[in-house]
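Below are some notes on the model, for reading beside the coordinates.

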Amino acid sequence: MATRISCSVRFVNPWHAITSKPSISKPCLQFRHTLFSSSSSSSSSLSSSSTHGATCCTGSSNGASETDPFVLTTPLYYVNAPPHMGSAYTTIAADAIARFQRLLGKKVIFITGTDEHGEKIATAASALGSSPSEHCDVVSQAYKALWKDLDIAYDKFIRTTAAKHEAIVKQFYSRVLENGDIYQADYEGLYCVNCEEYKDEKDLLDNNCCPMHLKPCVPRKEDNYFFALSKYQKFLEETLEQNPEFVQPPFRLNEVQSWIRSGLKDFSISRASVDWGIPVPNDKKQTIYVWFDALLGYISALSGENEQPDLLDTVSLGWPASLHLIGKDILRFHAVYWPAMLISAGLSLPKKVFGHGFLTKDGMKMGKSLGNTLEPNDLVHRFGCDAVRYFFIREVEFGSDGDYSEDRFVSTVNAHLANTIGNLLNRTLGLLRKNCKSTLVVDSAVAAEGNAFKDTVEMLVEKARIHYENLSLSSACEAVLEIGNSGNSYIDERAPWSLFKQGGAASEAAAKDLVVVLEAMRIIAVALSPVTPRLCLRVYEQLGYSADQFSATTWSDTRWGGLKGGQMMAQPKPIFARIENKIEEHASAKVGAGSG
């Protein structure tokens with residue numbers, strides 16, 4: 001087994017810039033193998049007695065300056081197989097968060113991409129009769145195509161096979177090496193090929209099965225390079241105690257603290273038996289382990305098209321990340337390994353790591369062997385991206401596990417998007433066309449004077465903003481939908497169709513009521529746009545605005561008073577088609593395809 005490093009380290013606040021380098025005592029190492037020395041001068045060898053200073057971090061973990069970009073990342077998705085619904089769920093949520101931050105006027109850098117090295121990928125490519133490179137090209141493109149269909153507005157898409165990524169990884173590796181945190185030793189243990197990770201026997205199920213993949217781990221012995229994670233035990237404990245917001249939701253923080261308290265072990269960062277990867281500098285017989293490679297994609301994505309970027313120059317373009325959004329299965333790598341790696345290299349920590357739950361189908365874990373997988377491409381092509389985005393954000397409490405059933409999917413999106421929002425807009429515009437020639441008679445601010453409905457809308461918009469900022473995405477949707485429910489109640493109570501028949505002052509009051517409801521619809525279109533951007537664009541266009549005007553909206557446009565007297569509305573037409581017919585067509589198509 002790997003020999004542990006035992007040393008004393010003085011750490012600095014990882015979220016603040018420092019002006020001097022803290023000292024680190026020289027570790028006393030005893031290994032069967034010689035330590036890996038870098039090719040630079042002796043002063044940068046493993047015996048260096050100083051650690052790098054933390055760089056490029058100007059604020060605390062709980063805040064940022066107005067000029068700091070909001071850097072949001074999804075995991076870099078592993079390309080051993082095509083995209084699945086879990087990957088789509090993470091990315092939909094990330095896109096909603098990114099869109100909301102843009103509405104606030106933030107400069108957003110939304111990073112996603114693909115993790116393309118490792119044993120599983122080489123094996124998957126071989127099984128398909130293609131090279132690893134060809135396989136990665138195909139699957140990476142499949143992710144890009146799905147993100148387009150789901151209306152994912154990412155800013156950076158990084159592939160770990162890119163030359164610029166390899167350059168960043170090698171520089172990062174060298175910094176960690178120079179800090180004395182990489183050593184070479186034999187390792188023998190039980191290895192999960194699917195996790196690409198050695199497992200402790202105490203964490204395994206019967207027959208040494210991985211609890212995640214339910215497949216037996218295999219004995220493996222290798223001569224690898226190791227990262228001295230155990231050296232950072234105290235640092236990680238103190239970091240989480242002092243910054244509990246670093247890992248969210250809170251119950252995920254408890255999991256991470258439990259892992260750390262159980263004792264951290266140094267982990268292997270190279271593989272001698274895997275050719276498909278980035279070569280270890282100065283040891284071409286080994287490749288860098290997938291996590292010590294893939295995690296750096298969050299930084300290499302910030303670089304431009306330069307194939308040989310400088311690490312520190314790249315860091316200055318947006319690091320540290322404001323939010324890492326991940327599934328709970330990779331929480332350990334992001335909340336334990338990654339912070340220690342960054343501090344070793346002298347770089348700042350991300351501000352928050354959020355681990356969401358898993359998706360199930362009809363109450364059961366999804367799997368190909370069970371025949372109940374949920375294909376995101378199929379869902380989007382059948383129901384459209386707005387329906388898919390809305391259901392998974394609205395119906396899954398962000399952070400917890402969530403379940404999909406087609407019946408609930410259909411009933412939810414029909415009730416919320418077709419009925420509550422779509423029907424309210426359609427019937428209000430219909431009354432406006434019939435009685436006011438599709439023209440607003442007065443400014444919305446004037447129409448709502450002394451109107452309690454306006455106060456309700458303003459209260460719900462503020463609730464939605466707070467929920468978005470707290471990553472309570474389901475609750476944000478609920479608050480916006482409640483505006484639609486209140487609007488339907490308002491128009492039912494006011495019955496403008498009856499008031500128009502009375503004429504005179506009653507007719508004037510009815511015309512104002514329509515302005516009030518349409519102003520609420522305009523606010524819904526802005527406030528729900530992070531979740532259902534295409535649907536909200538259709539709402540905005542029916543209110544007489546252009547696509548460019550919709551693209552230019554900010555959260556300040558949720559303030560009451562946007563619609564003005566004299567504005568002409570578009571002709572009413574459904575903004576969201578009910579789904580039942582699509583399901584029937586899909587079933588008929590299957591029957592027809594099988595009856596030839």
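1. A residue is called buried under 20% relative accessible area, exposed over 50% and partly exposed in between, with a 1.4 Å probe and protein chains only. Helices (H or I, at least four residues) and strands (E, at least two) are DSSP runs, numbered from the N terminus. In these terms, nine of the nine residues of strand β1 (residues 70-78) are buried.

2. On provenance: this is a predicted model, in which local features need pLDDT of at least 70 and side-chain atom pairs count only at pLDDT 80 or more, while totals for chains, interfaces and linings use all residues. Residues are numbered from 1 along each chain as its sequence is written, and side-chain values use heavy atoms, with hydrogens and water left out.

3. Strands pair if DSSP finds at least two bridges between them. β1 runs parallel to strand β2 (residues 108-115), with seven bridges joining the two; phenylalanine 70 has valine 108 of β2 as its bridge partner. β1 is also parallel to strand β12 (residues 323-327), through two bridges, and here leucine 72 is partnered by leucine 323.

4. Helix α12 (residues 385-395) is largely enclosed by the rest of the structure, because ten of its eleven residues are buried. Among them are Asp386, Arg389 and Arg394.

5. Helix α13 (residues 406-436) has a kink of about 40°, centred on glycine 422. The bend at a residue is the angle between axes fitted to the seven residues ending there and the seven starting there. Lysine 437, which follows α13, has a positive phi, near 55°.

6. How many cavities of 30 Å³ or more are there? The count is two, a cavity being a set of points on a 1 Å grid over the protein atoms alone where a 1.4 Å probe fits but cannot get out. Grid points are joined across faces, edges and corners, and a volume is the space filled by probe spheres set on the points. The second largest cavity holds about 70 Å³, and its lining residues (an atom within 4 Å of a point) include His117, Glu196, Arg271 and Trp276.

Key:
On a 1 Å grid over the protein atoms alone, a cavity is a set of points where a 1.4 Å probe fits but cannot get out, and a pocket is an open set with protein on both sides within 12 Å along at least five of seven lines; lining residues have an atom within 4 Å of a point.
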